[in-house]
Amino acid sequence: MNRITILLSDGQALTTAGLKYILSGNEDVEIVAQVSNRKHLIEAIQQYNPALLIIDYKQTTHFQVNDFFLIKEKHPHTRVLVISSDDH
């Protein structure tokens, strides 16, 4: 069975560590990279071509909406899950 490759993109180390802890308990999941800024995110997507990108919406200040279209164009199989820990 193929593992689901996941790229985590969040500026909060605690959130990323928690997601990594939860997801690593599943043998069908592989965290291929963790990044905290746009430059590293674009590089990691190109390098790992993940099945799933999990990104914090707060990071969108460093990540433009048009970047989502670019990801879908160049990596059409990559799914994007936008998360938030904001209480507003």
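Modeller: Let's begin with pairing: two strands count as paired if DSSP finds at least two bridges between them. Keep in mind that this is a predicted model. In it, Leu-7 has Leu-53 of strand 3 as its bridge partner.

Biologist: What makes strand 1 and strand 3 a pair?

Modeller: Four bridges join strand 1 (residues 4-9) to strand 3, and the two run parallel. The cut-off is at least two bridges, so they count as a pair.

Biologist: And how do you know that strand 3 pairs with strand 4?

Modeller: Five bridges link strand 3 to strand 4 (residues 79-83), again in the parallel sense. At least two are needed, so that is a pair as well. Here Leu-52 has Arg-79 in strand 4 as its bridge partner.

Biologist: Why is strand 3 called mostly covered?

Modeller: Strand 3 spans residues 52-56, and five of its five residues are buried. Buried means under 20% relative accessible area. Leu-52, Ile-54 and Asp-56 point one way, while Leu-53 and Ile-55 point the other way.

Biologist: What makes a group of residues a nonpolar core?

Modeller: The residues must be buried, of a listed kind such as Leu or Ile, and joined through side-chain atoms within 4.5 Å. The largest such core has ten residues, including Leu-7, Leu-53, Ile-55 and Phe-68. Strand 2 (29-35), helix 2, strand 3 and helix 3 (65-74) each give two or more residues to this core. Helix 2 gives the largest share, three residues. A second, separate core has six residues, among them Leu-8, Ile-31, Leu-52 and Ile-54. In soluble globular proteins, nonpolar side chains tend to be buried together.

Biologist: Why is Asp-10 called buried?

Modeller: Asp-10 has 5% relative accessibility, and the limit is under 20%, so Asp-10 counts as buried. You'll find Asp-10 in the loop between strand 1 and helix 1 (13-24).

Biologist: How do you know that Asp-10 has a polar contact with Gln-12?

Modeller: A polar atom of the Asp-10 side chain lies 2.7 Å from the backbone nitrogen of Gln-12.

Biologist: Why is Asn-49 called partly exposed?

Modeller: Asn-49 has 34% relative accessibility, which falls between the 20% and 50% limits, so partly exposed is the label. Asn-49 sits in the loop between helix 2 (38-48) and strand 3.

Biologist: What is the phi of Asn-49?

Modeller: Phi is near 45 degrees there, a positive value in a residue other than glycine. Most residues other than glycine have a negative phi.

How values were computed: Residues are numbered from 1 along each chain as its sequence is written. This is a predicted model: local features need pLDDT of at least 70, side-chain atom pairs count only at pLDDT 80 or more; totals for chains, interfaces and linings use all residues. Side-chain values use heavy atoms; hydrogens and water are left out. Buried means under 20% relative accessible area, exposed over 50%, partly exposed in between (1.4 Å probe, protein chains only). A polar contact is a pair of N or O atoms within 3.5 Å; within protein, one must be able to donate a hydrogen and the other to accept it, and residues adjacent in sequence count only if both atoms are side-chain atoms.
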